[in-house]
Protein chains: 4
Amino acid sequence: MKEECGVIGLSGIADAAPLAALGLHALQHRGQESAGIVSRHQGSFFFHRDMGLVAQVFGRGEAGSLPGSAAVGHVRYSGVSANSPANTQPLLGRYAGGEIALAHNGSLADGERLAREIVERGALLQTSSNSEIFLHLLAQRRASSDEEIALVLAEAGASFALVALLGDRLLAARDPWGFRPLALGRLGQGFVVASESCAFDQMGATFEREIAPGELLVIRADAKQPRSLRFGPENPPQAKCLLELIYFARPDSLLFGHTPHLFRLASGKALAREHPAEADLVVAIPDSGVSAAMGYAEELNLPLDRGLIRNHYVGRSFIAPGQPARAAAVRMKNNVVREVVRGKRVVLVDDSLIRGTTTAALGMELRAAGSLEVHLRIACPPTLYPCVYGVDFPNPKELMAHKHPIAEIRSILNMDSLGYLSMEGLVGISPPEERQFCAACWNGEYPAGSRP
Amino acid sequence: MKEECGVIGLSGIADAAPLAALGLHALQHRGQESAGIVSRHQGSFFFHRDMGLVAQVFGRGEAGSLPGSAAVGHVRYSGVSANSPANTQPLLGRYAGGEIALAHNGSLADGERLAREIVERGALLQTSSNSEIFLHLLAQRRASSDEEIALVLAEAGASFALVALLGDRLLAARDPWGFRPLALGRLGQGFVVASESCAFDQMGATFEREIAPGELLVIRADAKQPRSLRFGPENPPQAKCLLELIYFARPDSLLFGHTPHLFRLASGKALAREHPAEADLVVAIPDSGVSAAMGYAEELNLPLDRGLIRNHYVGRSFIAPGQPARAAAVRMKNNVVREVVRGKRVVLVDDSLIRGTTTAALGMELRAAGSLEVHLRIACPPTLYPCVYGVDFPNPKELMAHKHPIAEIRSILNMDSLGYLSMEGLVGISPPEERQFCAACWNGEYPAGSRP
Amino acid sequence: MKEECGVIGLSGIADAAPLAALGLHALQHRGQESAGIVSRHQGSFFFHRDMGLVAQVFGRGEAGSLPGSAAVGHVRYSGVSANSPANTQPLLGRYAGGEIALAHNGSLADGERLAREIVERGALLQTSSNSEIFLHLLAQRRASSDEEIALVLAEAGASFALVALLGDRLLAARDPWGFRPLALGRLGQGFVVASESCAFDQMGATFEREIAPGELLVIRADAKQPRSLRFGPENPPQAKCLLELIYFARPDSLLFGHTPHLFRLASGKALAREHPAEADLVVAIPDSGVSAAMGYAEELNLPLDRGLIRNHYVGRSFIAPGQPARAAAVRMKNNVVREVVRGKRVVLVDDSLIRGTTTAALGMELRAAGSLEVHLRIACPPTLYPCVYGVDFPNPKELMAHKHPIAEIRSILNMDSLGYLSMEGLVGISPPEERQFCAACWNGEYPAGSRP
Amino acid sequence: MKEECGVIGLSGIADAAPLAALGLHALQHRGQESAGIVSRHQGSFFFHRDMGLVAQVFGRGEAGSLPGSAAVGHVRYSGVSANSPANTQPLLGRYAGGEIALAHNGSLADGERLAREIVERGALLQTSSNSEIFLHLLAQRRASSDEEIALVLAEAGASFALVALLGDRLLAARDPWGFRPLALGRLGQGFVVASESCAFDQMGATFEREIAPGELLVIRADAKQPRSLRFGPENPPQAKCLLELIYFARPDSLLFGHTPHLFRLASGKALAREHPAEADLVVAIPDSGVSAAMGYAEELNLPLDRGLIRNHYVGRSFIAPGQPARAAAVRMKNNVVREVVRGKRVVLVDDSLIRGTTTAALGMELRAAGSLEVHLRIACPPTLYPCVYGVDFPNPKELMAHKHPIAEIRSILNMDSLGYLSMEGLVGISPPEERQFCAACWNGEYPAGSRP
């Protein structure tokens, strides 16, 4: 599973682009394929976009040559569109409303239908990214005023969290269901918006609030306050992506009202209550399962130790001839600490189970190192369905829980026991009034339609 | 002065893309900044475009991964648009007429007006290249039939020589004035179009004919013959760019009815008749002035020798501290052969004189090496005006002939005499019925309007 | 502080080089500047060495073109010699004993004296690396037999752990004091030696034993067993580098008789006994302080939580103008989880304190996030002296404990309390018979002489 | 055939390294594989060496960071040693005589014997380049005084032209037979030595004289004059490499008493006298045959025209599938100008004939373009034997004249006639007292022994 993007926007802040690069660095986990920033100075755009990590694209001071006090930035995983320089964002364009730069996180569930309609109206599509669709909708409506822009956003459906520079405005919007996170912060007299609040921490900005589902914020240069407009249906059910909380977001961010580390800690506790284990030791699959494993161990008052060590120098993998490829690849990322696990009944905790191949290999490594039993605990329900709202999934045929009845998975993975956190357990972590989530990948209910 | 582009198109030829790369290599002199090829296979496009020389972009077999029997390619000098990966060609797009790939040589004199109109109609411009304008005109007209496409081309004005893939068609067209060259060739059962015939030689294709001004060729897959359509005004005056013949085109090409080497040889003879010199030796500024110098020497029966040797290992220049920068830079490119020029009265011949700084430095080098006199002969008229039809000129303020009366130039360059070929002499090289050229950079008459 | 190198050697193992690349990947933490492998096949050497991480140097299958069943490999941090391609290892040479390839971890304390003597005897030094000295000593003694080689090693002093290919032999040796680790493993019918046992895990080899201080292992092709020779003084005091255990080695390795993770856990417990704190929460500085923090929390029965989250996408740092540079750089690596630390009295645990600037900044971040108190605990004694045996230290003037009496450090770092683990506490982790360590950086006693 | 190297040395000249880079650029034709400069400042060496052209290695001002008023530099073709960064020159070393930097053009015919002896004396060879042998001879003799150095040079045999920095001295020497060129120039108060005088022109220095065979020049910092020492046998026969004059050296240099352009012009005239042709047109194979073709045409009063045009954008070659590979590769480099050669009896002139494949292909291209006859004229004798003195030859089995009796070659190449310049004709270009050349590749007589 791969998140598709992270976005950032700044307004009213001197030297906006170098700060945007700092903020994008904090959002690096949301997209490692390309990075880009567009700044605005005296009515003109300046941009730098390239393939690579933020530190590669902006590490030699490239942002210093992008002047101005407003900027938008983007980190990207390829998602549905091909991996090509032409698809790096922010996108740039010129239309009847002026020159625009736009960065988008999400995936338009109705993207192909919208593209067809746009083309039929006489437009020219130049990328395979459905982020371009926003620009064409604006162009064809000649949308210029804040209200016109809000109307266009309502047409786009779900999902999106986007930022854009247009004239002297910084725009920021979340779709009406609120699938993707987007937050507002302050830095001095200016404003920042970012996919996650960890970008604010990196920049020295302060978190103000999350942008609401169906809200368009318009921040004019030198504005004292953003202007807020609502678009889309009245009070649609919200559909915050639970994968953000359990998997994608940085543990130290603040989004959908939660700190992901604490949410994951709570998920581990709930998991322990639902699926306790008679064991000597709790071991996390690092780094993804660390927070849930802490909660699991705490709830059952079991010792937690570092039975697996992650090697952070991961690059392109290289396999030696004659080596069992899977074993070598797994060890390249994680290695067992024999002295910790030997002779122990181990509970292995992770945040999710997708294909299951890595987890199976780790189980074998633990047994080879002398673990007496291995009990697998997964801090979310079985993953069964693909996402159409911006998360890149493997083909459903590769999903372990899609291929096999839950009863078989334990035996395929060769675990002594297996427990998944239930949907009720997961959703129950939030206070009752905030339990409006998208759980399509687990229950197949697609809140904004467009079931694949 | 820099040419802006070279284009190539193939249809009905197996493994079209690798052949296109070979052909682009032969057109390398028309653009060294980027190279790109789009091929079509079973209704889909495949592309590879990048910054760099053809041998850098396609030298490791990259074209081999572009399948299909039709392709268009492009080499590019940046021209009016910014140097950025997004501006590499061929351009790709999807519109109501289907998916299109287009490569363009030239510059639309009315580009900015057309861009404004396109935007006003609700379109989104995504590059600063005016090649994109063709795609928008096609999209807004929903042009699909050959005739509709021809109508759109008539709207575009001058100047262009373009190739495009659309559906199962290869399109090739020259603007009604014929500023830029474009020729048709055959390879086996298939067809090739290219900016210059030297690309045919490289590919093993045979030259068929030049595409006519105002002609659109439509070559369907497996067509026995191209279909020819006319567009634009009836019989407009032609305006073939004379700089192509005297400066840009490869000496071994065939274009505008001439072999450039022979045209330049004739220009040297005409120059000799207009401005003979009492001298001992004719020396060319290599490689630009070699053909003209041969003609000059032959006409006056003077010896021609290699008084200047060009160093072909030219890269980024690097200047040593304390060195007269201009002298070092000039010597990095050309060095005097002392034993050849010492004690001689030398006629120095070049094809044109733009800023004059290099020529002045070479004159000094010749005198320092012992030349008794240096007589400069230029095989075209004084260059006074910029080009709006696709040649990148220095700012007029930097043109030697624009800054100074002709009478002063000789003394500024410190030459013993100076002679420019007259317009009559230059045009007189062609047979009377073919003397319709663009000479705007010398006489300020802009055949297709849009005087800057 | 930077470790200087990691080494690996294989013998009697088909496709040795690709396996060596896998093993070097596991040793990546010991040197990130360059990587190299030399293999031997039918009496000839094949090599590939370059600047960069193992995954960069060998990630496209480069090791596959190095044939043979014996290989030596190296990862390197520059240490005392300049950062230049010429200094990548393994070194290659030809001398009277044959062709040799050598890889070295350590730093010869008497390197400069040895270099002078070598040169006086008529030799030519070609690098600034003192690894070259081994080759010259071998060449000048024309050392060929195992015994002659052992005599040369005795001359070299400390410190070294080295591997070499010479004729059909793989050599592996540790200096008589045993400063640097080196272990022997088995893979099928063949043998592997490596700086740390984590390389064996990665390759699927099994740990056999540590090579003893003053031991030279000679492994001939197809040998059933290595031959072991002793060199150097009889039973010198051992001087195992304690920094390997508390700082450099991977937590999951086995060296000097310890699993570093467990050693660090024990150091945290000892620290807790010596310097308990009245606090609500223990927080590790990730990843270096994680194991010690676990021990600290366990010993005092305090909660341990993730108050700091490490961003593993660290590259070249880039600082925004107007940002407090130190704060931005610190946050680029670690970010505070506000909800965890707010309103808490925090014990911050790390494995060592060198310059102190990062630690001071993290303390400020914790207070800014609402921590009521911050108590710093360091799991080793105050670092006062440089290393001459192979660890790259900052200038002593930059060492916090060198510049300030311990009493002042607490106030400079703005901590509520500060505790260092005592030397006795640290050494006491090992059983009494194994307490022979080098602690020169804390107590200034240099076991093999050459005090700086 | 490939020249192996070019060298340059400067002394007493401020900012020596940037000037050395300029000079190396002028010597680029002598080696395109790597470039390097070592400068000396206040007793220390500074260096930059890398793979690539001079403009690539020094094009971003790299030489500006090499301080000092003395420098040596090198451009290299790999020759006998492997292509590897470790073999870039100048070589650096430290021995009893001090720190030394050395750059070498040539190849030691007795290199392998010398290497064996050096190793037997207890030395360590670290490269496969025989340039390293000079350093070992100096080291083993502890050579320090000028006289001691001269004695060491006498031991080395042939062939070499070398420059070195040692202490405050710049050394420059040619072997006693004088195979390779080396000249002395002046720049302000300082001195320059270079393989060819074209480097002086580029730097603004003046040619003083050629360094004599068997001469060692010692130039101390701030010396008014170089000190000259003689070494080697008294008055050995000289053996200047004729390939330098007819093939390698830049036409505008001055070496072995000749300007190569004029020597080649004379060779063409001699060739015309020996092998006239009844023809309409003389065509050169560019650029190698241009000067000889001018002489041939002038002697016979035949027209000379540009029947072949060279494409200077040559890079890695890429061949299209289904293309006759040889034809495409030939056309990538040279293209026929049809209008020039059609209907003509052509004399094709080149400076030498090695494998003959390219020449045969060009002959076919000329006939395909309509030439009635093609007569080949080669401005040197048949090439039969390899070089052991520093020119990289194809395997003798690939030499056309080695494989076939001269009588057959004409028919294999499909020429109407074929003429080689005789040895007498070639040598006769020089005045009688200067006719001491190495002609081993034509007559198999190896002047300094070591016949392969």
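**Figure 1. Salt bridges across the whole predicted model.** Counting over all chains, the search turns up 105 salt bridges. Keep in mind that this is a predicted model. The idea behind the views that follow is a simple one: side chains of opposite charge can pair when their charged atoms come close.

**Figure 2. Asp280(A) and Arg345(A) in a salt bridge.** The two side chains meet with N and O 2.9 Å apart. Asp280(A) sits in the loop that runs between helix H8 (260-274) and strand S16 (281-284) of chain A, while Arg345(A) belongs to strand S19 (residues 345-350), so the pair ties together parts that are 65 residues apart in sequence. Is Asp280(A) buried or partly exposed? Its relative accessibility is 26%, so Asp280(A) counts as partly exposed. Arg345(A) has a relative accessible area of 24% and is partly exposed too.

Figure 3. Arg180(C) is buried, at 1% relative accessibility. Glu244(C) is buried as well, with a relative accessible area of 0%.

**Figure 4. Where chain D meets chain B.** In this interface, 57 residues of chain D are in contact with 57 residues of chain B. The buried area between them is about 4800 Å², and carbon and sulfur atoms give 59% of that. The interface has two salt bridges; Arg338(D) with Asp201(B) is a salt bridge with N and O 3.2 Å apart. There are also 21 residue pairs in polar contact between chain D and chain B. Several elements of chain D each supply at least two residues to the side that touches chain B, among them helix H6 (198-203), helix H8 (260-274) and strand S18 (334-336). Which element gives the most? That would be H1(D), with six residues.

**Figure 5. Where chain C meets chain A.** Between these chains, 57 residues of chain C touch 57 residues of chain A, and about 4800 Å² is buried, 59% of it on carbon and sulfur atoms. Two salt bridges cross this interface. Arg338(A) makes a salt bridge with Asp201(C), their closest N and O atoms being 3.1 Å apart. Polar contacts link 21 residue pairs across the interface of chain C and chain A.

Figure 6. Chain B and chain C do not touch, and their nearest C-alpha atoms are 16 Å apart. Chain A and chain D do not touch either, again with 16 Å between the nearest C-alpha atoms.

Figure 7. Over all chains, the structure holds 24 aromatic pairs. In one of them, the ring centres of Tyr247(B) and Phe248(B) are 5.0 Å apart with planes at 85°, so the pair is edge-to-face. Tyr247(B) is partly exposed at 29% relative accessibility, and Phe248(B) is buried at 9%. For a tilted pair, look at Phe200(D) and Phe207(D): the centres are 6.5 Å apart and the planes are at 45°. Phe200(D) is buried, at 0%, whereas Phe207(D) is partly exposed, at 32%. Over in chain A, ring pairs join Phe134(A), Phe160(A) and Phe231(A) into a cluster.

**Figure 8. Lysine over phenylalanine.** Lys240(A) places its charged end over the ring of Phe437(A), 4.9 Å from the ring centre. In chain D, the charged end of Lys240(D) sits over the ring of Phe437(D), at 4.9 Å from its centre.

Conventions. Residues numbered from 1 in each chain as written. Chains lettered and ligands numbered in written order. Predicted model: local features only at pLDDT ≥ 70, side-chain atom pairs only at ≥ 80, totals over all residues. Heavy atoms only, no water. Phe/Tyr/Trp six-rings, centres within 6.5 Å; stacked < 30°, edge-to-face > 60°. Buried < 20%, exposed > 50% of the residue type's maximum accessible area, 1.4 Å probe, protein only. Lys NZ or Arg CZ within 6 Å of the ring centre and 35° of its normal. Contact = heavy atoms within 4.5 Å. Buried area = accessible area lost by both parts, 1.4 Å probe. Salt bridge = Lys/Arg side-chain N within 4 Å of Asp/Glu carboxyl O. Polar contact = N/O pair within 3.5 Å; in protein donor to acceptor, adjacent residues only side chain to side chain. Helix = DSSP H or I, 4+ residues; strand = E, 2+ residues; numbered from the N terminus.
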